Amino acid sequence: MVMINGGPAGPDASQADGAYHQQVDADRAALWDALGGQQGVLRGCGLSTVAGQLQVSVAAGSLLLAERDAGGGLTIERGYHVYADADTAVVFGAPSAGVRNDALIACFADTEAGALGTGVTQVGPQLLAVPGTSGVATPVPDASINSFVGRGGWLRLADVTINPGDTQVAAGSIAANGSAWALDSGWVPLTLLNSWTEQDGSPAYRVKNGYVSVRGRVTINGGTNYKIAALPVAFAPAELVYLAAPSGNGYGRIEVDPDGSLTADSFGLNLNFQSLAVGWPLD
């Protein structure tokens, strides 16, 4: 994993001189205000499961993290810009005797602001799984995450349910934190499946202001499997959604299933959802 801070940062423990590397020399409050005075995913960072592993893959992207005070409250004195330039797998602990709800977070541990928490061993930007309590199905409280991270900033990306006997994170076990995507994920490319190919307008999905939408123009070159692509399940709708999409015969629609599947339900073989402006809320 390579995550590099691009904003005000604490000391880089990997450096022998202990210097503050890549620190932005600016008025922190002014910088934070210029970035909107809020935290969230700025671009990318889509979530998906990893086959056969108790892991969640976080796609390359960038975030803005707010500093938190000793009590866990957000402040505007300091903000951390953190980005990952490659997909990163976050490993979760072995299943417990009872159901457990872990938190998937992005954080920046900053010893300039205070001490490290109970679960962090190094300063700087990190993606972490914060373990919940066996037998407790509700999300990890913010206070527990704050103690886990210590001083700096953190943002809950999702809550992940781990059941006894699980050998991988289940498709429906990732509950994305809608407020984390309060800004704009940008358009994230969709991987086309079966015999579907791109015509123009790269097929992609987007999460903006807690709302998910898709776009693209695709065609099927032979075959009868109408499953076009699959969204990360964390961004799938809670129930079946139908999206209108013009087709080669003038009518078409796309089914979006709770497992993330995008399936053509059309009398034509060409589907255009390039100008689609509707989607579904990220619950």
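**Buried residues, strand pairing and aromatic contacts**

Cysteine 107 is buried, with a relative accessible area of 0%, where buried means under 20% relative accessible area, exposed over 50% and partly exposed in between (1.4 Å probe, protein chains only). Cysteine 45 is likewise buried, at a relative accessible area of 2%. The structure holds zero disulfides, a disulfide being a pair of cysteine sulfur atoms within 2.5 Å. The model is a predicted one, in which local features need pLDDT of at least 70 and side-chain atom pairs count only at pLDDT 80 or more, while totals for chains, interfaces and linings use all residues. Residues are numbered from 1 along each chain as its sequence is written, and side-chain values use heavy atoms, with hydrogens and water left out.

An open sheet of three strands has the order β3-β4-β7 with antiparallel pairing; strands are DSSP runs (E, at least two residues) numbered from the N terminus, and two of them pair if DSSP finds at least two bridges between them. Strands β3 (47-49) and β7 (88-91) stand at the edges with a single partner strand each, so one side of each is left without a neighbour in the sheet. From one strand to the next, the twist averages 30°, based on axes that are lines fitted to C-alpha atoms, with angles running from 0 to 180 degrees between N-to-C directions. Strand β4 (residues 55-58) is joined to β7 by four bridges, and the two run antiparallel; serine 57 stands opposite alanine 89 in β7.

A search of the whole structure finds two aromatic pairs, counted when ring centres of Phe, Tyr and Trp (its six-membered ring) lie within 6.5 Å, with planes under 30 degrees apart called stacked, over 60 edge-to-face and the rest tilted. Tryptophan 196 and tyrosine 226 form an edge-to-face pair, 6.1 Å centre to centre with 70° between the planes. Because tryptophan 196 lies in strand β13 (residues 196-208) and tyrosine 226 in the loop between β14 (211-220) and β15 (227-230), the pair ties together parts that are 30 residues apart in sequence. Tryptophan 196 is buried, at 5% relative accessible area, whereas tyrosine 226 is partly exposed, at 28%. Tyrosine 205 and phenylalanine 235 form a tilted pair, 5.9 Å centre to centre with 35° between the planes. Tyrosine 205 lies in strand β13 and phenylalanine 235 in the loop between β15 and β16 (241-244), so this pair also ties together parts 30 residues apart in sequence. Tyrosine 205 counts as buried at 4% relative accessibility, and phenylalanine 235 is buried at 0%.
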